[in-house]
Amino acid sequence: MSLHKTQTLKIYNSLSGEKETFTPINEGNVGMYVCGPTVYSNVHLGNVRTFMSFDVIFRYLLHLDYKVRYVRNITDVGHIVDDVDEGEDKIAKKARLEQLEPMEVVQRYTVDFHDILNAFNFLPPSIEPTATGHIIEQIEIIKTIIDKGIGYVANGSVYFDVVKFNETNHYGILSGRNIEDMLANTRDLDGQSDKKNPQDFALWKKAEPQHIMRWPSPWSDGFPGWHLECTAMSTKYLGNHFDIHGGGMDLKFPHHECEIAQNEACTGHTPVNYWMHANMLTLNGKKMAKSTGNNILPGEILTGDNAFLSKAFSASVTRFFMMQAHYRSILDFSDEAIIAAEKGYKRLMEAMESLKGISASTNSSLDIAGWKQLCYDAMNDDFNTPILIAQLFEGVRFINLLKDGKETLNAADLKLFTITIQAFVFDVLGLEEEKTNGNTDKLEGVVNMLIGMRKQARDNKDFALSDQIRDQLIELGIQLKDGKEGTTFSIN
């Protein structure tokens, strides 16, 4: 029996503001769309946190035996600098500043995006479409919206008539905004815009003579509006009605609000059952921003080449750090926080290694089935990774008790425990055991030699030498732990 049939998953739906029981449109199948990056610069750490949240969601849905079609787009055109309808396209601006072709900019930063996500052990999406690859689909959607009387042409551009749409629908349903309030708080257009109303948004923009990225359309040579691409790509690959749409909290308005309006204008019904939004990442208690210098790139964490951290940290430590906060909570990144996360990660990995050496007994003294369900309960509660991690450390406690001979597991329970903890640590959270190199192996050999010398000193009742070896290793950051199976060590 598929796991999803035995587990009740609840998802916080931004549309209703409540946790709802997840029921896919098609039994056993999930369609999920997540807004991807605009590839005009290096992917920043806040983006990585958002995509990591949905990577874990994707992983857990797969773990529950759902067949998942995960679509995450690449925005390679049509995103204006200030996220409004006037100004310069972000990619075109970068191309002009660096004297490159726009597609050179796109290629450079798409490669960077993939390299970073691969380094942090992300699963690739099922489909990764690009905006430029779906211009025809976007033009067809615009034609439909015009035919429905909700889009209008002005000087070669096409706009979505928000006021007209709101006569029969609710523009603002996702963000909780009221169209009357939005109009009242917006300046008059004073004839400086082709829009009928300030809240109208572009479906197609006529390209100025200097605009590099342009395509022919029935209305002008131009380019599609930013919001339109996600409507085109999500519906092409997931249908007009699908299960999950995700993205960062900052996309809720106007991007996702406009997506809903476009879809409803075309089809007459809501496009998505569950809207999910991941919260932001701060750095040392302040918003990350390149303009203020309060910013760190993901790759700079791995190399240690930055002004914020005392040393380099691995991708898995960084991933473990991010999983310690719920995806809907603000998470603050700091040197102290990731150092603490590294210690926790190492404890977890040491326990996973120790588990390999534990043998089964005749009887079980631990409730493994109950612990297993608590792990599922955590993830079933809107993918609550902090609670899952707390349960995994309860599993670490079990391992230490088993190792010391204070608790026992029979063969069936030991197998169940091993399969479960490995599945949650490696498959769901996506953590990896840190790879060792030759120097690490040599260090381990030297420490084990000193442990042997210490044991011999203790056997000879030379406790002064035994204590000296232990204390000098502690000074070097190497902690010894004596147990029933012998002495082990950890590097702090």
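This is a short chat about reading a few features of a predicted model.

Me: Let's start with strand S3. Is it mostly covered or uncovered, and how many of its residues are buried?

Reply: A handy general idea comes first: side chains in a regular strand alternate between the two faces of the sheet. Here, strand S3 spans residues 29-34 and is mostly covered, with 5 of its 6 residues buried.

Me: Which strands does S3 pair with, and in what sense?

Reply: One partner is strand S4 (residues 67-72), joined to S3 by 6 bridges and running parallel. To find your place there, look at Tyr 33, whose bridge partner in S4 is Val 71. Between S3 and S4 the chain passes through helix H1 (residues 45-63), and this β-α-β crossover is right-handed. S3 also pairs with strand S9 (residues 242-248), again in the parallel sense, over 3 bridges. On that side, Val 34 stands opposite Gly 246.

Me: Now the second largest pocket. What is its volume, and which residues lie nearest its centre?

Reply: The volume comes to about 1300 Å³. Of the 44 lining residues, Tyr 40, His 44, Asn 47, Lys 90 and Asp 250 lie nearest the centre. Several helices supply at least two lining residues each, among them H1, H2 (90-98) and H8 (252-267). By type, the lining has 21 nonpolar, 15 polar and 8 charged residues.

Me: And Gln 391: why does it count as buried?

Reply: Buried means under 20% relative accessible area. Gln 391 has 17%, so it counts as buried. You'll find Gln 391 in helix H13 (residues 385-403). Setting aside neighbours within four places in sequence, Gln 391 contacts Trp 371, Leu 374 and Cys 375.

Key
Residues are numbered from 1 along each chain as its sequence is written. This is a predicted model: local features need pLDDT of at least 70, side-chain atom pairs count only at pLDDT 80 or more; totals for chains, interfaces and linings use all residues. Side-chain values use heavy atoms; hydrogens and water are left out. Buried means under 20% relative accessible area, exposed over 50%, partly exposed in between (1.4 Å probe, protein chains only). Helices (H or I, at least four residues) and strands (E, at least two) are DSSP runs, numbered from the N terminus. Two strands pair if DSSP finds at least two bridges between them. A crossover is right-handed if, with the strands pointing away from the viewer, the path from the first strand over the helix to the second runs clockwise. Contact means heavy atoms within 4.5 Å. On a 1 Å grid over the protein atoms alone, a cavity is a set of points where a 1.4 Å probe fits but cannot get out, and a pocket is an open set with protein on both sides within 12 Å along at least five of seven lines; lining residues have an atom within 4 Å of a point. Grid points are joined across faces, edges and corners, and a volume is the space filled by probe spheres set on the points. Ala, Val, Leu, Ile, Met, Phe, Trp, Tyr, Cys and Pro count as nonpolar, Asp, Glu, Lys and Arg as charged, and the others, Gly among them, as polar.
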